[in-house]
2 protein chains.
Amino acid sequence: MSLLVVGSVAFDDIETPFGRAERIVGGAGTYIAWAASYFVDDISIVSIVGEDFPQKELDALKERGADVSGIKIIEGGKSFFWAGKYHLNLNARDTLVTELNVLADFDPVLSPTESNSEYVMLGNLTPAIQKSVIGQMTKRPKVIALDTMNFWMDIAMDDLRDVLGHIDLLIINDEEARQLSGEYSLVTASEVISAMGPKYLVIKKGEHGALLFGEGQVFFAPALPLTEVQDPTGAGDTFAGGLMGFLASRDHISFEVLKQGIVCGSAMASFCVEKFGTEGLRGLGTIEVQHRLDKFTQLVNFESPIL
Amino acid sequence: MSLLVVGSVAFDDIETPFGRAERIVGGAGTYIAWAASYFVDDISIVSIVGEDFPQKELDALKERGADVSGIKIIEGGKSFFWAGKYHLNLNARDTLVTELNVLADFDPVLSPTESNSEYVMLGNLTPAIQKSVIGQMTKRPKVIALDTMNFWMDIAMDDLRDVLGHIDLLIINDEEARQLSGEYSLVTASEVISAMGPKYLVIKKGEHGALLFGEGQVFFAPALPLTEVQDPTGAGDTFAGGLMGFLASRDHISFEVLKQGIVCGSAMASFCVEKFGTEGLRGLGTIEVQHRLDKFTQLVNFESPIL
């Protein structure tokens, strides 16, 4: 099935306790597409870059089966740029630079093929842009998933509340869930948020795993305990990409399938954080990905204790 | 099989954002014994209290099948007392008062029955006391489990390293594992710690669940997402009690059985935090405990995704 990815494609400068990388390719759309490409072939990316963006990066995504014709290249423009530095424990980071550049004028216009997509992943963007994409869909997609952040809750809460009424799956982190709901307990937060519209809610807890709420059920998937985490940048987007890629590959939505999707997202995120930028997501083989998925099964599988 | 519990039996003053309780019964030994009592009948508690300690509390443990004759009552003495106040998010707390009282002179002398126990749970005490208990065992117990804390790593590391060479299972939290190993990654920490002696290592991560390392394998069990946590006091001891109670009830140790034990520990901890002090651990029925265990299975159970 077809997956439409709308999100930033950008340059990042990243410093972690394990090293630094300058002007590497990043952005939510990039991470989502790379992760999803291991599960589904029919991916379209809608984004915007400057003429400074390397063609070989677009070609690499094309080789993974992604249609990059929806990535608008602005002549004379500069790509979105973010620079950040992680704290020692990697649990927090400081943003050093944010240059919106061409992203400031991003106003996606979908092609007929794109607007006919069955699965839609809206990366973190202004709620108004996310809403505009949904409004351009010619038929109701099977799943519209959305990521957002505290910043939009602070400055565009009405728009955000509006778009939440039109999606199926919200993918946010614990801090965002708490701010959006005004509740500390994630269980209570999930109830408040599901009343805003989304049938399913995923709360990402970084190294502490992810929770799925929906259909009156709860599911939890841990993050894989890793010997070394090099760079957490993009892990949340990668998670969303693995999840949505898996859903699009199954074409049948249920709580059970979503659970498997969460595991796929967690597996891809574990590859992501092992290396800098998108490096950990490149050149993986099917066997390698399957092996990582199996590791998750082993990690949490147990025979139910009977008293 | 017989379970010997050595740990404090005490009074606590507790303040959380949800309320306060004064001079309620607490202590590691108390929480461990209450939790274990839902899995195994043959429990002996070795501890020390003052004459201020209520007989009805000892009777309540006796009714749960625990032998409390090893709890020494010091005439004219005062029981160990701890007062603490939790921060808003319950993830941190300030100790307001610690009065060791009779615990300062705790020097356990095991009865012949106690020294013949097959399972031993050493609650957080000075490593020298823990070592003394191990030295009094007349035959090698099937499992010796131990809890400790950063304080002993600061002031009695040599003693702690010594006792770690004589146990099977170390149960500590993530912060303690990092301090003990000098490693931030819990995977690397587990390797350093297992080289110190314990065949199995459990790293508790509070609301983020628990990891089990051993036999070259890793297992993770989440904490149950709860609508309301009233009081986290004793959750770690309760976890250890549920785990060791289950092991003693099975009388067969393997990684598989330990996994189930971790789930039992997590289930009992979830009861514990829902109410103040030991209240959540009292008066549970078998069906209630089994139902909670089943919830954990539902929470993490998924069909392995195949690419």
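This is a predicted model: local features need pLDDT of at least 70, side-chain atom pairs count only at pLDDT 80 or more; totals for chains, interfaces and linings use all residues.
## A pair of strands in chain A

In strand S7 of chain A, A:Ala83 is the bridge partner of A:Asp13. The strands involved are S2 (residues 10-16) and S7 (residues 80-86) of chain A, which run parallel and are joined by six bridges.

## The four-stranded sheets

S2 and S7 of chain A belong to an open sheet of four strands, ordered S3-S2-S7-S8, and its pairing is mixed. At the edges of this sheet stand strand S3 (19-26) and strand S8 (93-99) of chain A; each has a single partner strand, so one side of each is left without a neighbour in the sheet. On average, neighbouring strands are turned by 15° against each other, direction ignored.

Chain B also has an open sheet of four strands, in the order S3-S2-S7-S8 and with mixed pairing. Its edge strands, S3 (19-26) and S8 (93-99) of chain B, each pair on one side only. From one strand to the next, the twist averages 15°. Within this sheet, strand S7 (residues 80-86) of chain B runs antiparallel to S8(B), and six bridges join them.

Leaving aside residues up to four places away in sequence, B:Lys78 touches B:Gly50, B:Asp52, B:Asn101 and B:Val102. B:Lys78 and B:Glu51 are 27 residues apart in sequence, yet their C-alpha atoms are 6.4 Å apart in space.

## A helix with a buried side

Now turn to helix H7 (residues 186-194) of chain B, where B:Leu186, B:Ala189, B:Ser190 and B:Ile193 are buried. They cover an arc of only 100° around the axis, which puts them on the same side of H7(B). The spacing of such residues has a simple background: an α-helix has 3.6 residues a turn, so residues three or four places apart point the same way. The buried residues of H7(B) pack against strand S11 (169-173), helix H6 (174-181), strand S12 (200-204) and strand S13 (210-214) of chain B.

## The nonpolar core

The largest nonpolar core has 189 residues, and A:Ala145 and B:Ala145 touch the most other members. Setting aside residues up to four places away in sequence, the contacts of B:Ala145 include B:Val120, B:Met121 and B:Leu122, as well as B:Ile167, B:Asp168, B:Leu169 and B:Ile171. B:Ala240 and B:Met244 are also among the residues that B:Ala145 touches.

## Where the two chains meet

The contact between the chains takes 36 residues from chain A and 36 residues from chain B. On the chain A side, the elements that give two or more residues are helix H7 (186-194), strand S14 (217-221), helix H9 (255-273) and helix H10 (286-300) of chain A. H10(A) provides the largest share of this side, eight residues. By type, the residues on the chain A side divide into 20 nonpolar, eleven polar and five charged.

S14(A) also takes part in a hairpin with S13(A), with two residues between the strands. Strand S13 (residues 210-214) of chain A and S14(A) pair in the antiparallel sense over five bridges, and A:Gly214 has A:Gln217 in S14(A) as its bridge partner. In the turn, A:Glu215 has a positive phi of about 50°.

Terms used:
Residues are numbered from 1 along each chain as its sequence is written. Chains are lettered from A and ligands numbered from 1 in the order in which they are written. A nonpolar core is a set of buried Ala, Val, Leu, Ile, Met, Phe, Trp, Tyr and Cys residues joined through C-beta atoms within 7 Å. A residue is buried if 20 or more other C-beta atoms lie within 10 Å of its own, exposed if 12 or fewer, and partly exposed in between; C-beta atoms are placed from the backbone. Two residues are in contact if their C-beta atoms, placed from the backbone, lie within 7 Å. Ala, Val, Leu, Ile, Met, Phe, Trp, Tyr, Cys and Pro count as nonpolar, Asp, Glu, Lys and Arg as charged, and the others, Gly among them, as polar. Two strands pair if DSSP finds at least two bridges between them. Axes are lines fitted to C-alpha atoms, for helices over the stretch in contact, and angles run from 0 to 180 degrees between N-to-C directions. The arc is that of the directions from the helix axis to the C-beta atoms.
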